[in-house]
Structures are given as C-alpha cells and as structure tokens.
Amino acid sequence: MARSPEAAAMCLECLERRVRSDLAGSGLSFVHGLSDSPLPFASSAVVQVASDGPEQCIGRYNILHIILPGSENNPLEQLIICTDDNQCAAQADSSPGVEYTKDFQSSSSSGNQQLIINTITKLTPVYYLGRVSTSEIRELIASYINLSIEQNVISSLNMLCGNKVSGSAGLDFLSFVGFSAYDDIHPSGLVRHPNILPVLGVIESSDCWYMLQQKAPYTLENIMHYSPEALCSDWHIRFFIYQIISAMAHLHDFGVHHGNLKPSTVLMSDSLWPYLSISDIWHVKQNCGFGEPEGSTPNSCCVAEDCSSRSIYASFNLPSSLDWSSHFKRWWAGELSNYEYLLVLNKLAGRRWGDPAFHPVMPWVIDFTVRPDENSDIGWRDLTKSKWRLAKGDEQLDFTYSSSDVPHHVSDECLSELAVCSYKARRLSKTILRSAVRSVYEPNEYPSSMQRLYQWTPDECIPDFYSDPWIFVSLHSEMSDLVLPSWVTSSEEFICLHRNALESDRVSQQLHHWIDITFGYKLAGEASIEAKNVMLPPNDPSRPKSIGRRQLFTKPHPKRSISTPHSAYHNKVQSCARCQGKGSDSTTDVMLNGCNPRNMLSQVDYLEEFEQATLFMELEHHLNPIYSYADTSASYCSSVKYSNSEFSDQEILQPDSVLSVVPDFDFGSYLECFESDDSSPMGYQELLRWKQMSYSVTEHHANDIFSIGCMLAEIYLRRPLFDALLLAAYKETGMLPGALHELPVHVAVLVESCIQREWKRRPLSRQLLESPYFPPSVRSAYMFLAPLQLLCTSGDRLKYVAKLASEGALKAMGKFAAEVCAPYCLPLVSSSLSDVDTESGLSLLKEFLKCLSVQATKELILPIIQNILQAPEYSHLKVSLLQDSFVRELWKKLGKQSYIEKVHPLVIANLYNSPNKITASAASIVLIGSSEELGIPITVHQASLK
C-alpha cells in the first residue's frame, strides 16, 4: 500500500544531512528543504550549483528527486530537491544538462524503481544516468552552466533553415511544435518537448536514486494568487493554455496520462513559459510512494530512524488533503488544534516549510515577561491587532498612511525572510545568514533571548517556537543558545507551555481576529483601513510573483466553539506538568477535561454560532478547488480507482520507427505555417461545429482534458470552477456550474467541451490544439519561440530566430504576435556578441524594427540599442548599429524628436569618448551624414570633433 507524502518524507534537518552525505564533492550544495505538506516534512529541497564559471551562472538552483528503495511493506519513497536560475533566465527558460543517455541495468534496483526510471527516460531525454560520480556530476554541472545540453537539436534546426537535414532531432522538435509535414514519422524519444521540464540526470547512490531537474521560479497557482495581471490579455491566456495542451498531447502520444494536473503542478519560467514536470505525473508519484488517497491520515513522523525530532509531530491528526471545509469543521468543534488549523491556512495561502522567504506564520500569543496564566491579563498579546501595529503604534501608522503617495500602513510581509532567518539563526548555515540577514556575519547582533526577540521584531511568530525544542540550540560555536524565559527550566518545558498558551481558551476565543488580519477580510477594503492593515501594493502588478499575501476569506472568520483537549494535541512527556498531572490551568480545564461547552451557552446562542459557521463555509467554498472528475470531497480518485500495479502493466508506447533514411525538408513549406489572424472575429458557429466533432478514446486522458477545462475557466474567473459540492451536483444532475455563464462565449464553449460528464465526449488533446479558440497567431508564435527554450548557447538560438525573421516569419505573424515574441528574442542581442553572431543580431533588430509599432519599438528595442551604444568596450555590433542605413531606419521609426533625445547624444558620445578609432569613425560618419536631414547645424559636430 502506497504511503502519503508526509509519511514518505524526512524532516528538514534529516533531509539536509542525507543530501550532504550522498552528494558530497559533487558541486551541488544544499540550500534548504522545501515541503509540499502542511507539516514540516520535506518532499523537496533546494540545492545550489557551485560554479567557477561566469559570474551570471553562479547561484543556479536545481531539483533533485530522491527515490528510496522499497519493498512490499515499505514502498518507494521520493524526495525532491529543487532549483531555480534567476540569473540566466534571459539566456534560457529551462535548465541545461549533459547529452548523455544509456540503458541502465542494476541488480539493486527494485521493480518499481526500474519502472520509474524507464518512465522518465521514455518521456524525455535524461542527460546523465548512472552512479554517483564526482567527476561525471561536475561534468553535468559544467554543461548545465555552459548551456550546451541540447546543442544537437538547435544545430539540426539551423541546418533545416538551409534545407539541409542532419538526423531527426530537428524534425522531431518541429513535430512537437505543430509542423506536421511528416505525419507518418514518430518522435525518436531522444528530443525533449519544449514544455516538459528537462531531467538533467538520474543519479544512483548507495541506497536511493536522485533525479536532477531545474526549479521553476513560479507556478500557475503563484501567478493566479499573487500576480494575476501577469497573464495580461486574452491572447496571452490562449498562448499559455496552448502550450500546456501541447505538452499534454506529448504525454498522451506515449500512452501516459498526467493525472495530477492543477495550477500548482504547472511550472513557469521567469518569462512565463510553462512546463509540466515528469515528477508530478500521477503514476510516477504513485509508484514513488505518493499515491495515498488524499483523505488519508498519515503517520506524522520522519522516515529517518535516527531522527531526533520524530516525536514532535507524533500526535498530529492532520490528513494530507487540503479540504479546508472539513478542517474548519473539525477545528470549530475542537477536534483539530489551533496549531494544526493554522498550518492548513498557511498551506492554502501558499506558504511553505523550509522556504525562508515564505515560511508558515503563526501569532505571538504571549510576550514572555511572565509565565502564561489565564487568570491574569498580564503577558498576553492582543490578537485583535497585528504585530506590526503593536510594534509601530497607531500614531506612526496613521502618519504613514496619510503622508504616503500610495496610502498604506504596512510596507512588508507579516513574516519577512529577515525575521525567519533571525529566528532560526542558531540552526541555519552561515551562508544563508550572510545572504538573508547581512553580508557580514556577526553572531552577537542576533537577539539573544525569547523576550528580546519578541520585542525586537514587528513580524509574527513561526510554528517552530510552538513545536521544536531544537530551535533554541545553536550549531555555531560563536553564537550562544537562545536564552529561555526564567520561568522554564528547559526548552522542552518551554515548548509545552508555549503550545498550551496557543491552544488555551483565551487564545481560542480571539484567534479568529488574528486570522481576519493575516488571511481574511481585513486585508482589503474599509476593514483593512480600520484595522490599520493596508499593504503597500506592488509597483508593477503585471510582474510575476511567487510570494505575497493571499486573502483566503472575504467575510469575518467565525469564533471557535470548543477548545481542543490537551490530550488530543500533546504527547505525555516528562517536561509537561499537565501531562504528568502536576498542575493545570483552572480556566481551561473545564474544556480540557471534556466538559461540553454547549452546556455553558444557551441553546439559542449555540445554534446561532453553528449557523454562522455553516454559512461561512458555504461562502468560502472556493478554498476547496477540484480539478479531476475522478475527485470527490472524501478522497482522491474515488470513482476511478488506480492500482499500483496498473501502471506496471501499462506499456509506454515506443516510437513506431526510427528514421533510417532522413526525408527531404522544404524550409519554404515550414515558413508557410506562420500566419496572422484575419480581421474578422472568430465564428461562434465554427466553434460549435468543432465541439460536435470532439471525442476521447481513453478515460484517463479524458480526465486530463477535464483538468485543462477547469484551469482555463479559473484563469478567466479568478476563482475555481468546481468544488466538492458543485462537482457532486454536476455528476448527479448534469447541471453546469453557474460560473460558466460568466465566461466569454468562446471560452465557455471550449470549457464546456472539456468538462463533459461523459468522458468520451471530451476532445482529444490533439483536437484541442486544432480548436478555433486558438487563432493562427498563437500557433505561429509558439513555433517561432519554442526553439528559444532549448538548452543551448544564446548564439545558436539567435542564429535560428534571426533566420526565421529574415525569411518573413515575423511579418507573416502580424504586429501583435511579433510584439509578443520580442521580449523572448531581443535579450539575445547584446554588446557581448561575437563577430560571427553580430550579423544575426543586427538582422533580428532590423526585422523587429519593421514589424513593431512605434510604442513597442520605444519600449522593447530602444533600451537594447541604448545599452549597446553606452557600453564602454568596442564591439562589432556597436559599429554595425552606427552605420548610416540602420540609423536612418531607426529615426524614421522613432520620429526625429525621439531620436534626437534618446539616441543622438549616444552617437556623439561614441565620437569623442570612444577609445576605439573604428567606433569613433563610424560615429562621425553618421553625424555628418545625418546633420542636414535632422536639421542640426554642422557646427555642433565640428565642435565635437575638436
């Protein structure tokens, strides 16, 4: 029986020890764990590439999936180590590896392990497959940094541009992106689909496997919650969905269904290019120990037998499902502790264990001046106000709000990365402290005691101070342990008392106020002004974000009805006086000993509170989104049951043939695929006719299509299409959700087709790609941009895209599509281009000058030209830009006034400041030749020549 994610993972510290031990000397350094669970058990961790190469390449992060050996009673377990490359996003939107594949046979591999490896290698190339080897892993990293993994594919594409065919790699790639001139030729399996996240390596250690991938900086869930304006137009949404469907079609062509498609599993690059990851496919997760139905309750402990923290979460009763309504009901009725319910809210808000930038947050409930006593008001924190408000004071916040250009009270997160790292300074590496706190490590500057820590910070607390006694113990010899309050004798006793305070009746009766401020209705509107809780909005709402404040609730959160009994949330340990029967808190003992508080309330009061809680759940149903037709409110895949053995029997389709003779290629036919949208609007009748012709042949594939429809609707609606109740009603009655009528007509037709109750009536993924919903410009832009996502040098990508542009592809797509393509292409043009690449760079600039509007030219091309002309060093490209013909094209496009203001001064600067005679000569010729036409007196230039 497969185990749930929490049960199959390690605590963050055990994961770190494991990775550091197994990959010592590999060039990969552990950064931090990254959990997918409400609990602090890591199913992923971030590792950093150590590089001696170019400065811009240092700091890359990668994903490493750990597949542990399994048996009949102890199945496979998987951990993921993730990475991200913010520095090199301009060069590539995906990560590189080594072009190295081979068949693997190992007697130590279990059948399930071999199944996983086979699945991975059939769906996408693996650039290294073998045992842990320092030299080979370093070679992998070197190729990753040098962007040379998919060099063969881009070389093949560049050959095709000259009507020369070299192998099948280029043809395979073009078939992925929509060029179907060779329908009878099937992909070789050795080329990556541009929307499948690359697998850099699968590495075998002594008793597990590591799968290395890049960590994408965003997910679709991030974008929808924190920066929905990033998908800035209807066209961009179509372009985005088209790519997801294209990747899905690739999986379906191999006979594999995703089975786990939802916003959190759609990964996105800095340029919002989407990816699906092999590691998120349901069958891969199932066979790695992640297939437990979501309604199950895991054993909350670390799988490492020598873990010193296994007992911390042993009494937790938190199911792996994120069904908020069931958690809320249990919390309201006292069956779920405050701590556990807050962890659920943190997970729903996107916060994640191990990530200092977005760590789970909890309230401070005492100020540590005295031992908490519910019979006294001394020492208790006011939960009706934010910690920021308590620290800053109302007078200062009112002044900030009234005097700011953009009125706000709060300028930072309720829990910043600085605060998290300061809180956990005793347990974090010095490297992280230097990065997040201050560059010069000074141990004496960190708060030395809990009371000082509380007074020092305007930020809220972290869960660790309610659960982990090790957080006080310093790993650094020069930094003392965090000093405990005088009213406790050990860190274990402090954790007991602090947790008791959090679960106390006093806090339980006020906690809903804190939830309103941190996750609820006091984050927006008049309520946020009254609570002095108005956040400073982002400067650019269209800029993608992976973190931020997510407002979960739009109405006041109900007050808790019953506190959780002490025995339900706490193990009997020696350090807990209450567990040992040595003492009690009289105010809460009525609750904690099991007396029903309903007896203390009138029946009318209780029924009124119950009605309010029920209404609140109905209003906030969007917190229970469902993306699978096989899903129900109780468990995942309840109506369609998948067994672990099913995938073992399912054959991954192999290529029907390998090209023994490579066919001819007509570059002209390929160019004809680039089309613009005609001026007439898309016909509704055409969409309906398409819908009637749609059908599926495999139920699992049809369920993926259902997920596509749900995500597409949510992007437009900005709320989920289905929750458990709506899906159950739809299954029973066939009545479509009312929200469907809020969608644009053309979107509603596509969504309705995707979510048909009868799975056979849903379209195939290939049929979706041919839908009239996607205009020709979407398909054309995809074919144009997909090769830019290859893991190869910028020079080779520039050569390819410049060739396409010069042959008329940009012009054929139309101005709007060309404008969309420009941000992907133009960063390839820089002053550092070699002499060989300069011709391609200049050609690309000229083609975009012809195709873009004046405004787009000013926003997209002009900054690049200015950067090149301002560069102090000589470059062939700079001299080329100073040629008279290009300058004339530029000022005709910009207009004389804009040219004189933005470009002309840079031409003059290159005349009298450039140490290079060639550059100065080119600048002087342009100045003299353009003076009369620009209307600038020649004497200005004569003066400049002196």
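Helix α27 spans residues 724–733, and its buried residues are Ala-724, Leu-727 and Tyr-730. Buried means under 20% relative accessible area, exposed means over 50%, and partly exposed lies in between (1.4 Å probe, protein chains only). Seen down the axis of α27, the buried residues fall within an arc of 130°, so they line one face of the helix. That arc is taken from the directions from the helix axis to the C-beta atoms. The face turned away from the buried side carries the exposed residues Leu-725, Glu-732 and Thr-733. What covers the buried residues includes α26 (699–717); contact here means heavy atoms within 4.5 Å.

This is a predicted model: local features need pLDDT of at least 70, side-chain atom pairs count only at pLDDT 80 or more, and totals for chains, interfaces and linings use all residues. Residues are numbered from 1 along each chain as its sequence is written, and side-chain values use heavy atoms, with hydrogens and water left out. Helices (H or I, at least four residues) and strands (E, at least two) are DSSP runs, numbered from the N terminus.

Now the two ends of α27. At its start, a side-chain oxygen of Asp-723 reaches to within 3.0 Å of the backbone nitrogen of Leu-725. Just after the helix, Gly-734 takes a positive phi of about 80°.

Next come the salt bridges. Side chains of opposite charge can pair when their charged atoms come close. The rule asks for a side-chain nitrogen of Lys or Arg within 4 Å of a carboxyl oxygen of Asp or Glu. The count comes to 22 salt bridges.

| Salt bridge | N to O distance |
|---|---|
| Asp-398 and Lys-532 | 2.8 Å |
| Glu-478 and Lys-430 | 2.9 Å |
| Glu-503 and Arg-499 | 2.9 Å |

Take Asp-398 and Lys-532, which form a salt bridge. Asp-398 lies in helix α12 (residues 394–403) and Lys-532 in the loop between α19 (525–530) and α20 (566–569), so the pair ties together parts that are 134 residues apart in sequence. Asp-398 is partly exposed at 36% relative accessible area, whereas Lys-532 is buried at 13%.

Glu-478 and Lys-430 also meet in a salt bridge. Glu-478 sits in the loop between α15 (450–456) and α16 (491–503) and Lys-430 in helix α14 (residues 430–436), so the pair ties together parts 48 residues apart in sequence. Glu-478 is partly exposed, at 32%. Lys-430 is partly exposed, at 30%.

Glu-503 and Arg-499 are four residues apart in helix α16, about one helical turn. Glu-503 is buried, at 2%. Arg-499 is buried, at 5%. Elsewhere, salt bridges that share partners join Arg-351, Glu-413 and Arg-549 into one network.

Note on methods
Polar contact = N/O pair within 3.5 Å; in protein donor to acceptor, adjacent residues only side chain to side chain.
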